[in-house]
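Subject: Handover of a structure, with findings

Dear colleague,

Please find below the structure that I am handing over to you.

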Amino acid sequence: AAARKLFGGTLNPGRSWVKCFLSRHPELRRYRAGTREEGRARNGRPEVVASWVSILTLLYRDYRVTSPRQVWNMDETHVQARTSAMSGREGILGGVGMVKPEISLPAFASGAGACTAVFCVSAAGVVAPHFIVVDGQTPGHAYVSETEADGSRTEQALSSYLNDGAVVWRRSPPGFDEAVFDVCASTFAKFARSYFLDEDKILSLDGAKVHLSSTGLPTLLKARVHVVAEPSKMSHILQALDNPSAFGRYQPRVWRRVREIALECREAGRPFNTPELMRCIARAASEALTVDALTTAFRRVGMWPLDPTVVSAAELSKGADATVQDVDLAKLTQRLIPRVRK
């Protein structure tokens, strides 16, 4: 009855109700909510994808990119140890007894719960030194203290648990932002100078805002690494690392390694610490990022050999309100090349 008095004898508010309500509450603001699929649809237009392929075509020609070792891709992925161990139990037990995970999981030491792993790989199957971001209040190289049998303590770099030249950077929270990208770019630039110094290299990466760095990008350019940013939210189509051949194989191996080492830690009565997490990442990467897997990944997205026809109309139509009409992406790419160069 009280509501009907406010709405003119009915429980259905009129069209002007929202406007009047917002006028009475100036602290509220209207904004448009979107979905990931909508973002993909906006950035997945054929001409957007064709422009990106056109840029690759020009760079391949101008910088004499004739070998797969010159074509690189960078991407980051989140690794959460506890979730990986729990997901393994859920798959085995079907959710039974999950209210007390502490009975089968070791204690996760401070900073060992999660990290961001950044990989940079080439179409020839070469894996650059790993770059890992772990939790830490003071930015810089990450070290751990180890107690010897005689009671003495020594410091060891976490990067020593990974491949040669790897860097483990501290940051709180352990995410990937512009400052971290600058450090990562500097690391890869050093590697690029030592890897076929006289050759130009193409590096494609996600076109997120954190990559638009005024420090990291010139650092790469000085090392003859030319960066191509992929259209935002299109990595599921264009990014070699972000497909079943690369991360699709890497993530399951991380989960398996975390479960195995977590079980060892529980049986030994010691916590799952950050060095254990580094070992999981190193083992999973060596198993998943193989030459065959990476060459297949680049071939799937058409980066090497350069093939815009691998991007299908079905992929471009994901999340779109209307199905994208069949388009000759190769022909559109050729038409866009003069405009892109200008």
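The sulfur of Cys120 lies 7.1 Å from the closest cysteine sulfur, that of Cys184, which is too far for a bond. A disulfide is taken here as a pair of cysteine sulfur atoms within 2.5 Å, and the count by this rule is zero. Cys120 is buried, with a relative accessible area of 5%, whereas Cys20, at 36% relative accessibility, counts as partly exposed. In these terms, buried means under 20% relative accessible area, exposed means over 50%, and partly exposed is in between, computed with a 1.4 Å probe on protein chains only.

Some notes on the source are needed before the rest. The model is predicted, so local features need pLDDT of at least 70 and side-chain atom pairs count only at pLDDT 80 or more, while totals for chains, interfaces and linings use all residues. Residues are numbered from 1 along each chain as its sequence is written, and side-chain values use heavy atoms, with hydrogens and water left out.

Overall composition

The protein contains 13 helices and nine strands. These elements are DSSP runs numbered from the N terminus, with helices being H or I of at least four residues and strands E of at least two. Of the 342 residues, 42% count as buried. Among contacts (heavy atoms within 4.5 Å) between residues at least 6 apart in sequence, 76% join residues at least 24 apart. Leu263 belongs to helix α9 (residues 247-268) and is partly exposed, with a relative accessible area of 38%.

Strands and their partners

Two strands are said to pair if DSSP finds at least two bridges between them. Strand β8 (residues 201-206) is mostly covered, with six of its six residues buried. On one side of the pairing list, strand β1 (residues 71-80) runs parallel to β8 and is joined to it by four bridges; here Met74 stands opposite Leu205. Strand β9 (residues 225-230) also pairs with β8 in the parallel sense, over six bridges, and Ala229 in β9 is the bridge partner of Leu205.

Strand β3 (residues 131-134) has Phe131 and Val133 pointing one way and Ile132 and Val134 the other way, and all are buried. In a regular strand, side chains alternate between the two faces of the sheet. β3 pairs with β2 in the antiparallel sense over four bridges, where Ile132 is the bridge partner of Ala117. Four bridges also join β3 to strand β7 (residues 167-170), and these two run parallel; Val167 in β7 is the bridge partner of Phe131.

Backbone features

Most residues other than glycine have a negative phi, and most peptide bonds are trans. The bond from Ser172 to Pro173 is cis, with omega near -5°, and Pro173 is found in the loop between β7 and α6. Trp304 and Pro305 are also joined by a cis peptide bond, with omega about -10°; Pro305 lies in the loop between α11 (291-301) and α12 (313-316).

Phe196, although not a glycine, has a positive phi of about 50°. Phe196 sits in the loop between α6 and β8 and is partly exposed at 40% relative accessibility. Arg224 likewise has a positive phi, near 65°. Arg224 is in the loop between α7 (216-222) and β9 and is partly exposed, with a relative accessible area of 32%.

Yours sincerely
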